[in-house]
Amino acid sequence: MSDDTLHLPLIHSVLEREKDTPGALLPILHAIQDGCGYIPDTAIPEIAHALNLSLAEVHGVISFYHDFRTTPPARHTLRLCRAESCQSRGAEHLAAQLREQLLLDDHGTTADGSINLRPVYCLGACACSPALELDGELHARITPERLRQLVSGCLEDGAC
Ligand code: FES
């Protein structure tokens, strides 16, 4: 669990710099997410006060744009390809394995914050299906055993 108050100096610095800019809310939200990794709860009243908005207005904008996160990012991001070529070569079996191993649906973050799981629809590696991307690195011709190794590495030591 993170201590959101640690982010207050950065939040105040962003607000001081941006609050008088026309249309400041989106640049402020992006700057806070870039600096903190997400939009901490403590930022909401600070932003609302600085821009003379209601809390609901700030929440509404954050929830409208799917790029904004309100929880810290997972340490690893795993995107399993679910498009046609990968499907025909075992991706659905791999997806079922991930659901079982991570106790997640097809997307979400593990309770310990170690892995964020997301489907993706073609990684451009169809000739080497099934494929996945882990922390931006492509892994092709994935077998159930290789998938288990990759995931276990992320869960055990936080590094892949
Ligand atoms: S369909 Fe999976 S990489 Fe193209």
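At 72% relative accessibility, Asn52 counts as exposed, because the cut-off for exposed is over 50%. This value comes from a predicted model. Asn52 sits in the loop between α3 and α4 and directly follows α3. Its phi is positive, about 60°, although Asn52 is not a glycine. Most residues other than glycine have a negative phi, and most peptide bonds are trans.

Helix α3 spans residues 43–51. Its buried residues are Ala43, Ile44, Ile47, Ala48 and Leu51. Viewed down the axis of α3, these residues fall within an arc of 130°, so they line one face of the helix. The elements covering them include α1 (8–18), α2 (25–36) and α4 (55–64).

Two packed helices are described by the angle between their axes and the distance between the axes. The axes of α1 and α3 come within 11 Å and cross at roughly 20°. That angle makes α1 roughly parallel to α3, since angles under 35 degrees count as such. The crossing is right-handed. On the α1 side, Leu8, Ile11, His12 and Leu15 take part in the contact. They meet Ala43, Glu46, Ile47 and Ala50 of α3. Six of the contact residues are nonpolar, one is polar and one is charged.

A cis peptide bond joins Ser129 and Pro130, with omega about -10°. Cys122 is found in the loop between β3 and β4. Cys122 has a positive phi of about 90°, although it is not a glycine. With a relative accessible area of 36%, Cys122 is partly exposed.

Definitions and conventions. Residues are numbered from 1 along each chain as its sequence is written. This is a predicted model: local features need pLDDT of at least 70, side-chain atom pairs count only at pLDDT 80 or more; totals for chains, interfaces and linings use all residues. Side-chain values use heavy atoms; hydrogens and water are left out. Buried means under 20% relative accessible area, exposed over 50%, partly exposed in between (1.4 Å probe, protein chains only). Helices (H or I, at least four residues) and strands (E, at least two) are DSSP runs, numbered from the N terminus. The arc is that of the directions from the helix axis to the C-beta atoms. Contact means heavy atoms within 4.5 Å. Axes are lines fitted to C-alpha atoms, for helices over the stretch in contact, and angles run from 0 to 180 degrees between N-to-C directions. Angles under 35 degrees count as roughly parallel, over 145 as roughly antiparallel, 65 to 115 as roughly perpendicular and the rest as oblique. A crossing is left-handed if the near helix is turned anticlockwise from the far one by less than a right angle, and right-handed if clockwise. Ala, Val, Leu, Ile, Met, Phe, Trp, Tyr, Cys and Pro count as nonpolar, Asp, Glu, Lys and Arg as charged, and the others, Gly among them, as polar.
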